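Please keep the sequence and the structure in view while reading.

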Amino acid sequence: MPILNPFSFLLFFILSTCCVPNLSNATSRAPNRMLALVQNQPLVLKYHKGTLLKGNITLHLLWYGTFTSTQRSILIDFVQSLASTSSSPTPSSVSSWWRTTESYRGGSCTLVVGSQTLDGNYSLGKSLNTDKLLALASKANYEPHVVHVIMTSADVVVEDFCMNQCGTHGWGKRNDGQRVAYAWVGNPITQCPGQCAWPFHQPIYGPQTPPLVAPNVDVGVDGMVINLATVLAGLVTNPFEDGYYQGPASAPLEAVSACTGIFGKGAYPGYPGNVLVDKTTGASYNAVGVRGRKFLLPAMWDPLSSSCKTMV
């Protein structure tokens, strides 16, 4: 399902060969945050009795386009922070955010970084539609307990990016019947920072509160962290459109997209809520990851309290 610009998501379909999955089902989106700031209906995500992703899940990362080593390290540190434990050399409060997913049926889900592929030559061009995204996802052979995550750089135009979504997760079925899950997020800094990098950029409409200072000094990539967090939470709690969500399966509100626009207590439309501020840099954050890296993470729906749970 798409992350609606703060928020909508794109999906993958597969070319028909005996070994390539047929990824024909779009699942969840990272919503355009400015499209989904207010939820008037009761916030209850219903469990639809489907399979969730639990246990150890490996994320194979595809960097499509031009990313600096610093940009890659920010996103990799975020993913690695999700699995950090109290016994780790550098304990991570990001992992406590992720542990909310344990309250969804089936126990814990541990995400680890697997292989990384750099496609700096834009093998399918700088304009990608769903079929091309699916072709990228289909390059790898099937592996159980693996999710392929495609990240596109700021100069790559992706179908429906910014219009309805900032990233997405979805699934497809291989010819051998195996179900395959995937995810995509893009860097919005040149195309739609007011939609997909809020609250680190002035919104294009709505209340014009001053933007927050990005904790890693990269508005686009710090926005990608928020969208990746949204996608991954939706991915493990509603991977095949029959997990936890509210609304229609084709456009569901999921673990984080149901709480869009909320980053701290006291949030309201156009105001992300009370968050922590670094006294030296003025950067806003609410979680600390491995190597002391700071992140701003969105609220996640907590099944135990039936409410959006914030870090601060």
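Apart from residues up to four places away in sequence, I204 touches G194 and Q195. This is a predicted model, and the values below are computed from it. The points that follow begin with the surroundings of I204 and then turn to other parts of the chain.

**The loop between α4 and α5**

- I204 is placed in the loop between α4 (193-196) and α5, and with a relative accessible area of 51% I204 is exposed, because the cut-off for that class is over 50%.
- Although I204 and G194 are ten residues apart in sequence, their C-alpha atoms are 5.2 Å apart in space.
- The loop between α4 and α5 also holds P199, which is joined to W198 by a cis peptide bond with omega at about 15°.
- As background to that bond, most peptide bonds are trans.

**Helix packing: α1 and α5**

- The axes of helix α1 (residues 69-82) and helix α5 (residues 219-237) come within 10 Å and cross at roughly 35°, and this crossing of α1 and α5 is right-handed.
- On the α1 side the contact is made by Q71, I74, L75, F78, V79 and L82, which meet V221, M224, V225, L228, A229 and L232 in α5.
- Sorted by class, the contact of α1 with α5 has eleven nonpolar residues, one polar residue and no charged residues.
- In general, an α-helix has 3.6 residues a turn, so residues three or four places apart point the same way.

**Helix α3 and its cap**

- Helix α3 (residues 130-137) is largely enclosed by the rest of the structure, because six of its eight residues are buried.
- Those buried residues of α3 are T130, L133, L134, A135, L136 and A137.
- The N-terminal end of α3 is capped by N129, which has a side-chain oxygen 2.9 Å from the backbone nitrogen of K132.

**H60 and its polar contacts**

- H60 is found in strand β4 (residues 55-64), and H60 is buried, with a relative accessible area of 14%.
- The side chain of H60 reaches the backbone nitrogen of S115 at 2.9 Å, while a polar contact of 3.1 Å joins the side chains of H60 and E143.
- When neighbours within four places in sequence are left aside, the residues in contact with H60 are G114, S115, E143, V146, V147, H148 and V149.

**Aromatic pairs**

- The count of aromatic pairs, taken as rings with centres within 6.5 Å, comes to eleven.
- One of these pairs is W63 with F67, whose ring centres are 5.2 Å apart and whose planes stand at 70°, so the pair is edge-to-face; both W63 and F67 are buried.
- Y104 and Y244 also form an edge-to-face pair, because their ring centres are 4.7 Å apart and their planes stand at 85°.
- Since Y104 lies in the loop between α2 (93-98) and β5 (109-119) and Y244 in strand β11 (residues 244-245), this pair ties together parts that are 140 residues apart in sequence.
- Both Y104 and Y244 are buried, and together with Y47 and W301 they form one aromatic cluster.

**G243 and the loop between α5 and β11**

- G243 lies in the loop between α5 and β11 and counts as buried, at 0% relative accessibility.
- G243 and Y47 are 196 residues apart in sequence, whereas their C-alpha atoms are 5.4 Å apart in space.
- Leaving out neighbours within four places in sequence, G243 is in contact with K46, Y47, H48, L52, T237 and N238.
- E241 is also placed in the loop between α5 and β11, and E241 is buried, with a relative accessible area of 18%.

**Positive phi values**

- Most residues other than glycine have a negative phi.
- E241 has a phi near 70°, a positive value in a residue other than glycine.
- Phi of S306 is likewise positive, at a value near 55°, and S306 is a residue other than glycine.
- S306 lies in the loop between β16 (300-302) and β17 (307-309), where S306 is partly exposed, with a relative accessible area of 36%.

Definitions and conventions. Residues numbered from 1 in each chain as written. Predicted model: local features only at pLDDT ≥ 70, side-chain atom pairs only at ≥ 80, totals over all residues. Heavy atoms only, no water. Axes fitted to C-alpha atoms, helices over the stretch in contact; angles between N-to-C directions. Helix = DSSP H or I, 4+ residues; strand = E, 2+ residues; numbered from the N terminus. Left-handed = near helix turned anticlockwise from the far one by under 90°. Contact = heavy atoms within 4.5 Å. Nonpolar A, V, L, I, M, F, W, Y, C, P; charged D, E, K, R; others polar. Buried < 20%, exposed > 50% of the residue type's maximum accessible area, 1.4 Å probe, protein only. Polar contact = N/O pair within 3.5 Å; in protein donor to acceptor, adjacent residues only side chain to side chain. Phe/Tyr/Trp six-rings, centres within 6.5 Å; stacked < 30°, edge-to-face > 60°.
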